[in-house]
Amino acid sequence: MQVKRGRPRNVETQKAILTASYDLLLEDGFGSVTVEKIADRAKVSKATIYKWWPNKSAVVMDGFLSAASSRLPLPNTGSVFNDILIHATNLARFLTSREGIIITELLGEGQFDSGLAEAYRTQYFQPRRLEARSLLEQGVQRGELKKNLDIELSTDLIYGPIFYRLLVTGGTLDDSYVKHLVMNAFEGISST
């Protein structure tokens, strides 16, 4: 969601701003973060932040994404079941961590801030969805999954219940649940 304005960004200043926004997000939650607090923590002017980001939501989302992206590496075990199990388990672990709980805050704020909603959809959720798609497509190519598999529906089938538990029911979201979920989904999508 970064908007290119003016001269190129100073990498150290950008990192300080993103780190400050992320730290404040963890400490106080989205509602308490302000551009003023980010500027103060990063030791920059508000004008510097507004030169590179259009609003608080954009800078906070970028700060969150820069910190969160490294937490969810894409597995490649050679087995689609194992890859999806690792990917889904890592996602559930992240979503239930202190950092991941921020996602629920951002989802809530996104109901009132269309820019934030667009940012988390395009910058966080769509990349995770593309990762899952890639893993499932590899499984189809290797003959582990049905040839005519509906990849989009299968992604929803596997990952949708994780978000349903997280955001709606509040049910237990642990490794055992994810393993049971993936095992049951694979009963319907496996080629054997």
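1. **Largest pocket.** The largest pocket of this predicted model holds about 300 Å³ of space. A pocket here is an open set of points on a 1 Å grid over the protein atoms alone, with protein on both sides within 12 Å along at least five of seven lines. Its volume is the space filled by probe spheres set on the points, which are joined across faces, edges and corners.

2. **Pocket lining.** The lining counts 15 residues, each with an atom within 4 Å of a point. Closest to the pocket centre are Phe 125, Gln 126, Arg 129, Tyr 159 and Phe 163. Helix 7 (114-141) and helix 8 (151-169) are the elements that give two or more residues to this lining. Helix 7 supplies the largest share, 7 residues. Helices are DSSP runs (H or I, at least four residues), numbered from the N terminus. By class, the lining has 7 nonpolar, 4 polar and 4 charged residues. Ala, Val, Leu, Ile, Met, Phe, Trp, Tyr, Cys and Pro count as nonpolar; Asp, Glu, Lys and Arg count as charged; the others, Gly among them, count as polar.

3. **Leu 95.** Leu 95 lies in helix 5 (residues 80-95). Its relative accessible area is 0%, so Leu 95 is buried (under 20%, with a 1.4 Å probe and protein chains only). Leaving aside residues up to four places away in sequence, Leu 95 touches Gly 100, Ile 101, Ile 103, Tyr 124, Ile 162, Phe 163 and Leu 166. Contact means heavy atoms within 4.5 Å. Leu 95 and Ile 162 are 67 residues apart in sequence, yet 9.1 Å apart in space, C-alpha to C-alpha.

4. **Helix 1 against helix 4.** Helix 1 (residues 11-28) packs on helix 4 (residues 56-68) at about 90 degrees, with axes 8 Å apart. Axes are lines fitted to C-alpha atoms over the stretch in contact, and angles run from 0 to 180 degrees between N-to-C directions. The two helices are therefore roughly perpendicular (65 to 115 degrees). Helix 1 contributes Ile 17, Leu 18, Ser 21, Tyr 22 and Leu 25; helix 4 contributes Val 59, Val 60, Asp 62, Gly 63, Phe 64, Ser 66 and Ala 67. This contact has 8 nonpolar, 3 polar and 1 charged residues.

5. **Lys 43.** Lys 43 lies in the loop between helix 2 (35-42) and helix 3 (46-52). Its phi is positive, about 60 degrees, although Lys 43 is not a glycine. Most residues other than glycine have a negative phi. Lys 43 counts as exposed at 75% relative accessibility (over 50%).

6. **Basis.** Local features need pLDDT of at least 70 and side-chain atom pairs 80 or more, while totals for chains, interfaces and linings use all residues. Numbering runs from 1 along each chain as its sequence is written, and side-chain values use heavy atoms, without hydrogens or water.

Note on methods: Parallel < 35°, antiparallel > 145°, perpendicular 65-115°, else oblique. 1 Å grid on protein atoms, 1.4 Å probe; cavity = no way out; pocket = protein on both sides within 12 Å on 5 of 7 lines; lining within 4 Å.
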